[in-house]
Amino acid sequence: MMGRPLPKHRVDYGSKFTQEVDAFINSQNNSIEAVRKADDLKERCSNLLQEALDQVQKRLPVATNIFKGLSAFSPRKVLNQVERVPFADLPLPHLRIGNEDLLEEQYRKILHLTWTEESVFNGKIPCDSVSFWCGVLQYKSSSEKRIFKELSEYALACLTTPVSNAVVERIFSTVTNVKTKSRNRLQTDMLNAIIRIRSHLQFQGKCCKDFKVTTRMLELFNSANMYSTMDQTDETYDDDVSADFS
């Protein structure tokens, strides 16, 4: 409470823990020794929780405040004259070096469009920041120019900054599962496409049955694009052999 540890009798150890402790004390006829053992156990559990909290705080990135500042890109704030953050206070300023004037101009203009009437959002502004900025990136003026391109790319670059390497490690595992010994000739482009689709479905909490296949995807889904040809393999092999004997 208020940054200070609670006393042991107010710590929430969970209902199961409380039931087991109460059952133990009752089985010992509420003896002083049983109560003492229960208090000792609570003390050990409390110390464990405190140690876990300390370890988490030590492992948090140094720039924690930067990630907290990412809420500035929320559509609720960006499109609100009162709650929006001043341009100079937006996070990760190094990503806008050399482009500040253009980005600031776009940041001011974005407030003056009625986004609910724009086709990129179909009448409803998404609450998710990434979805919002993806829509803004696709917005075009009457002259077919993306007038918020630079601002959207800056916002998306900030929002996609990883807070840890956990996602990267998961991608490595996914690559291992996709490119198996029996599929060892998968080309990079096809492997990249499969990984992107899997990651997208995972992040969106969807199943493969929810994925919509386009005609263009079917056109690209052929052996010429998926696997290297024998000629390519032979050429690579010949180059490797020449290098070995040179």
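Reply: A residue is buried under 20% relative accessible area, exposed over 50% and partly exposed in between (1.4 Å probe, protein chains only). The model is predicted, so local features need pLDDT of at least 70 and side-chain atom pairs count only at pLDDT 80 or more, while totals for chains, interfaces and linings use all residues. Residues are numbered from 1 along each chain as its sequence is written, and side-chain values use heavy atoms, leaving out hydrogens and water.

Me: Why is Phe73 called buried?

Reply: The relative accessible area of Phe73 is 1%, and the limit is under 20%; therefore Phe73 is buried. Trp133, at 0%, is buried as well.

Me: What makes the pair of Phe73 and Trp133 edge-to-face?

Reply: Rings of Phe, Tyr and Trp (its six-membered ring) pair if their centres lie within 6.5 Å; planes under 30 degrees apart are stacked, over 60 edge-to-face, and the rest tilted. Phe73 and Trp133 have centres 6.2 Å apart and planes at 80°, so the pair is edge-to-face. Phe73 lies in the loop between α3 (64–68) and α4 (75–78), and Trp133 in helix α6 (residues 129–138), so the pair ties together parts 60 residues apart in sequence.

Me: How do you know that Arg84 lies over the face of Tyr107?

Reply: A charge sits over a ring if NZ of Lys or CZ of Arg is within 6 Å of the ring centre and within 35 degrees of the ring normal. Arg84 is placed over the face of Tyr107, at 4.2 Å from the ring centre.

Conventions. Helix = DSSP H or I, 4+ residues; strand = E, 2+ residues; numbered from the N terminus.
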